[in-house]
Amino acid sequence: MAGLDFSILPQQLVNGLLLGSIYALIALGYTMVYGVLRLINFAHGEVFMLGSYAALFTSWALGFSPESVKGIDKASSPMNLIIMLVVSMVVCGLIGVVIEQLAYRPMRNQARIASLITAIGVSLFIQYAGGLFLPQSPPPAISEQINPFRNEKVTFTIKPAPKEAVDKANVAMAKARESDVLYEKAKLDGRPAAQLETMRQANQEAQNEASSLQTQVSSQTSGIVIPFGQLGMLLTTVFLMLLLWFVVQKTKTGRAMRAVAHDFDSAALMGINVGRVVTVTFMIGSALAGAGAMMYATVLRTPLTPFLGVAPGVKAFVAAVLGGIGNIPGAVFGGVLMGVVETLVVWLDGLIPGLGGYKDAVAFVVLIAVLLFRPGGLLGSSKVEKV
Amino acid sequence: MLLATAALVLGLAGGCTPPSGTTGGTTASTTAGSTSGDPGTTPGTKRPDPTSDGATIGETINIGLVASQSGEQKPWGDDNIKGSQMAVDEVNKAGGINGKQIKLLVGDSQSAPEQGKSAALKLIADGIVGLLGEVASGITQQMAQVSKDAGIPIVAIGATRTDLADIGSNFFRVCYNDDFQGAVMAKFAWDYLKLKEVALMTDAKLPYSVGLSNSFRTSYEALGGKIVGEEKYQTTETQFSGYLSNLKAKNPAGVFLSGYFTQVGPIVSQMRQAGITVPVMGGDGWDSSDLITSGGEAIVGGFFCNHYNSKETRPEVQKFLADWKTKYGGEPGTTMGALGYDGAKLMIDAIKRAMDKGGTKSRDITAAIEDTENFPGVSGTITLKGFAGNPSKSALIVKVTKTGFVFEKSYTPEELK
């Protein structure tokens, strides 16, 4: 068991990238709010959680509740996914604004620690209120049938499997299908039990042969497999990040946001409506979390609980700090780094058995190591803050 | 400032992780292997006796039940309570035990070992003479400890982890144990599915899962099979792509997943996405119709070991299902309905036998449970006498289909010898 398998390294890096892109989306919300308000919005993970529930309820409303898809194959269209994404983003955007207005605005002129404690309070409030009102046990999952691309994947081959192996697998597959048809027919014909059992065994062996040869081919192929849905997830994330970059760099609102981030009081003196800028910042940050939540629940197939936001929330926060909190490219970079480090630790499990269980701990070790040498984060400025 | 907030977040994360029902009690020692040919018994080990006589049987007979009324394992807890309550109501309606009515006191374990322990302590303080529960082995471990200290007999409903029976001579269960279950699945994989190389996926935080994986490994290797790899995840995880890429490189012909349905569904679903198409198998932790929702198309065709099947024609099963339908409507969603019913019925039967012999204390009830022979349960005939708490019972293997679980094959303890 020991020893590293380098043929799966590219795949593991891609796994990490995919996971990291979600962390990055959440991290953006932390970093943007910190940028304008110098506030760690601890309730951000809970906004993420509510976004995943928004996606769940939308999927039910679209006719994909567990009862209505039980035992049948229901056709879906990409439109359903877009509707879920938009609903999640809108719901989260609104929730973000409500939280800001009700919880943080009254604290704006108090000591910063008061806002911080409020943030923790809001976070716990949403978790446990969610526990009262949201469906949670057993953890509901969004039906995979809503994803029309669930069986498609994109393969980037670096080195294909030997042709003989592929041929062998294809022959075995054809044989297995044939044998299955024969066996099913025999069952319907009502053959004697002993004869059926022999046929079943032969059929089973044919199926095993086919499935193991198939897996063999896919493990001999060195390359990367990305399920179509996850590729879509990555592209959506990149698109949203570019959109964010455009908004922040090229629009009037974005310029106002940058001004407020640079100096809150001076920006206000220059006639910028800081209240509106803060509201917009919360809205955008929360909407990004909503997009991440929808994809996390639908494409990555995560069952939902009111505590769903805790782990990704903490990791995204770490990602934001790692990249340099307040720095937008830093949050993206930090998120992807966290995802990749986490997956690599699982990969290294082959060398050091048991290491995989410490993957979260290793992520924090990376954080500490980075902060020791660059206290401002990887891309952040390391100016000393007077507290 | 930054480090301070980071530390704060860490504290926060630790403080508000959901009750997962899995923490604590991760000692990995099992008796797997020592009993591979003889699953019903744990020979050679003398189980420690409780020192206390326990509670006295009062005017009303109080029986305690700890079950997960909230948290991840709620589907099991709900069915367990319904089943046990049905048994109690049935006996009360027929006049109780020698004229005395029975009261079922229920405590919520919240799917967590620590909560299960406090629930059991509270029930004991309330004056129960016998304790029922739990479904999860991690929770039962805690309950067995406190009930041994109090001298109260405990009948576990679905806790299959093998070494639980070593805690005390007051511990019994109505389900088989993991030594048997692992051996059954190993034989099934080797003989029936003809798989030569299998990989394991274990929930490292669940005592149940660790024990079952070990037992499967021992039996499967003894049959001549090869375990090509084992990936260990943690209950709270939701993304398994890293583990699955590792698993795929080992090229297994089948995968045995010993965890609970709450994780198995998502894992198998992600497994198919990663391009692993081989057959999947598991233990009774898979038993919930929610497995089909979370596992989707990928879980269809999987096999797992279960306690009984609602299609059986035995009169006990048919009567149980008819009564359930009248009382609650429909069919129980998990087998814990039947096991909860059996546990309560077995406890009541033992209390009656103890009282008939003039017994008044919990110690007498413990002795009566130990004497149980050929008790006709819904989940099969249960004999505990001489088996050190572990009943000798058959196991059924069911296949997952799109609409439910279908019987595939059954194994009796004799068939495994």
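## A tour of chains A and B

The C-alpha centres of domain 1 and domain 2 of chain A lie 47 Å apart, the bounds of both coming from an automatic or database domain assignment. This is a predicted model, in which local features need pLDDT of at least 70 and side-chain atom pairs count only at pLDDT 80 or more, while totals for chains, interfaces and linings use all residues. Residues are numbered from 1 along each chain as its sequence is written, and chains are lettered from A and ligands numbered from 1 in the order in which they are written.

**Chain A.** Begin by selecting chain A, whose C-alpha atoms fill a box of roughly 90 × 45 × 35 Å along the principal axes. Its secondary structure consists of 14 helices and two strands, these being DSSP runs numbered from the N terminus (helices: H or I, at least four residues; strands: E, at least two). Of the 387 residues in chain A, 49% are buried, a residue being buried if 20 or more other C-beta atoms, placed from the backbone, lie within 10 Å of its own. Colour residues 20–151 together with 228–309 as domain 1, and 161–220 as domain 2.

**Helix H6 of chain A.** Next select residues 163–189, which form helix H6 of chain A. Its 27 residues should span 39 Å at 1.5 Å a residue, and its end C-alpha atoms are 39 Å apart, so the two values agree; the expected span is 1.5 Å times one less than the number of residues. Just after H6(A), stop at Gly190(A), where phi is positive, at about 70°.

**The strands of chain B.** Move to strand S6 (residues 197–203) of chain B, in which six of the seven residues are buried. S6(B) runs parallel to strand S7 (residues 226–233) of chain B, with seven bridges joining them, where pairing requires that DSSP finds at least two bridges between two strands. Along this pair, look for Ala199(B), which stands opposite Gly229(B) in S7(B). Strand S8 (residues 254–257) of chain B also pairs with S6(B) in the parallel sense, over four bridges, and in S8(B) Leu257(B) is the bridge partner of Met201(B).

**The domains of chain B.** Colour 61–176 with 313–386 as domain 1 of chain B, and 179–306 with 397–416 as domain 2. Taken over C-alpha atoms, 28 Å separate their centres. Between them, 14 residues of domain 1 of chain B are in contact with 15 residues of domain 2 of chain B, contact meaning C-beta atoms, placed from the backbone, within 7 Å. Helix H4 (residues 137–150) of chain B gives the most to the domain 1 side, with three residues.

**Between the chains.** Finally, show both chains: 54 residues of chain B are in contact with 55 residues of chain A. Each supplying at least two residues to the chain B side are several elements, among them helix H1 (2–15), helix H2 (74–93) and S7 of chain B.

Key:
A residue is buried if 20 or more other C-beta atoms lie within 10 Å of its own, exposed if 12 or fewer, and partly exposed in between; C-beta atoms are placed from the backbone. Two residues are in contact if their C-beta atoms, placed from the backbone, lie within 7 Å.
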